[in-house]
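Dear colleague,

I am handing over the structure below, and after it I set out what was found. Please keep the sequence and the 3D view open beside this email while you read.

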Amino acid sequence: MDSFANAVKLNSGTAAVGLLAHTFAIKALTTAQFRDKTTGVTKISTAEREKIFKSWYYQRWCAAQLNETEYASVFIAGLLFLHSKGVAAPITSTLCLVGQIWYFWLRALVGHVHEGGTSTPLPPYVPGGVMRYVAFP
């Protein structure tokens with residue numbers, strides 16, 4: 001356990017900060033990509049706005065962003081609690097952070113066949129989801 005902690009150098013406090021930075025970055029990217037055009041700030045036609053809403057990219061990105069947001073709050077709270085108690089939890093911390101990043105980016109950018117993504121037997125984001133379940137504090 002100590003050798004893993006020394007190799008990874010990731011503890012509950014560092015992972016919480018990493019998750020917070022990741023979730024803020026995703027929210028900023030979502031705003032930059034979609035909010036400006038879909039909320040009427042930029043003048044585009046209704047047909048063009050509907051085209052954005054119906055695109056696979058928009059649907060995958062929003063679904064992944066909502067899912068990431070649900071998990072991030074629980075993970076950050078749990079990891080900060082562990083950090084406040086002085087518990088490093090390197091395996092849990094690593095699984096939380098890597099699982100969140102893996103799941104979001106592969107779900108948002110690659111997706112699954114029913115979301116217009118790749119046709120593989122196992123969607124590429126599933127290992128990230130499994131990491132999150134295993135790490136759930």
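**What was found**

Alanine 89 lies in the loop between helix 4 and helix 5, where helices (H or I, at least four residues) and strands (E, at least two) are DSSP runs, numbered from the N terminus. Please bear in mind that this is a predicted model, in which local features need pLDDT of at least 70 and side-chain atom pairs count only at pLDDT 80 or more, while totals for chains, interfaces and linings use all residues. Residues are numbered from 1 along each chain as its sequence is written, and side-chain values use heavy atoms, with hydrogens and water left out.

To stay with alanine 89 for a moment, its phi is near 45 degrees, which is a positive value in a residue other than glycine. Alanine 89 is buried, because its relative accessible area is 15%, and the word buried stands for under 20% relative accessible area, with exposed for over 50% and partly exposed for what lies in between (1.4 Å probe, protein chains only).

**The chain as a whole**

The protein chain has six helices and zero strands, so that reading from the N terminus its elements run α-α-α-α-α-α. Of its 137 residues, 38% count as buried. If we take contact to mean heavy atoms within 4.5 Å, then among the contacts in the protein chain with a separation of 6 or more, 74% come from residues 24 or more positions apart.

**How the helices pack**

Two packed helices are described by the angle between their axes and the distance between the axes. Here the axes are lines fitted to C-alpha atoms, for helices over the stretch in contact, and angles run from 0 to 180 degrees between N-to-C directions.

How do helix 2 and helix 4 lie, roughly parallel or roughly antiparallel to each other? The axes of helix 2 (residues 12–38) and helix 4 come within 9 Å and cross at roughly 155 degrees, and the two helices are therefore roughly antiparallel, given that angles under 35 degrees count as roughly parallel, over 145 as roughly antiparallel, 65 to 115 as roughly perpendicular and the rest as oblique. Helix 2 passes helix 4 in a left-handed crossing, a term used if the near helix is turned anticlockwise from the far one by less than a right angle, with right-handed used if clockwise. Sorted by class, this contact of helix 2 with helix 4 has 16 nonpolar, nine polar and two charged residues, where Ala, Val, Leu, Ile, Met, Phe, Trp, Tyr, Cys and Pro count as nonpolar, Asp, Glu, Lys and Arg as charged, and the others, Gly among them, as polar.

Helix 2 also packs with helix 5, at an angle of about 15 degrees and with the axes 8 Å apart, and these two helices are therefore roughly parallel to each other. Their crossing is left-handed. On the side of helix 2 the residues that meet helix 5 include Ala15, Leu19 and Ile26, and on the side of helix 5 they include Cys96, Gln100 and Phe104. By class, the contact of helix 2 with helix 5 has nine nonpolar, five polar and no charged residues.

At 1.5 Å a residue, the 20 residues of helix 5 (residues 90–109) should span 28 Å, and its end C-alpha atoms are 28 Å apart, which agrees; the expected span is 1.5 Å times one less than the number of residues. Among the buried residues of helix 5 are Leu97, Tyr103 and Phe104. Just after helix 5, glycine 111 takes a positive phi of about 70 degrees.

Glutamine 65 sits in helix 4 and counts as buried because its relative accessibility is 10%. Not counting residues up to four places away in sequence, glutamine 65 touches Ile26, Lys27, Thr30 and Phe104.

Asparagine 67 is found in helix 4 as well, and at 17% relative accessibility it counts as buried. Leaving aside neighbours within four places in sequence, asparagine 67 is in contact with Tyr103 and Arg132.

Tyrosine 57, also in helix 4, is partly exposed, with a relative accessible area of 31%. Tyrosine 57 and glycine 111 are 54 residues apart in sequence and 8.9 Å apart in space, C-alpha to C-alpha.
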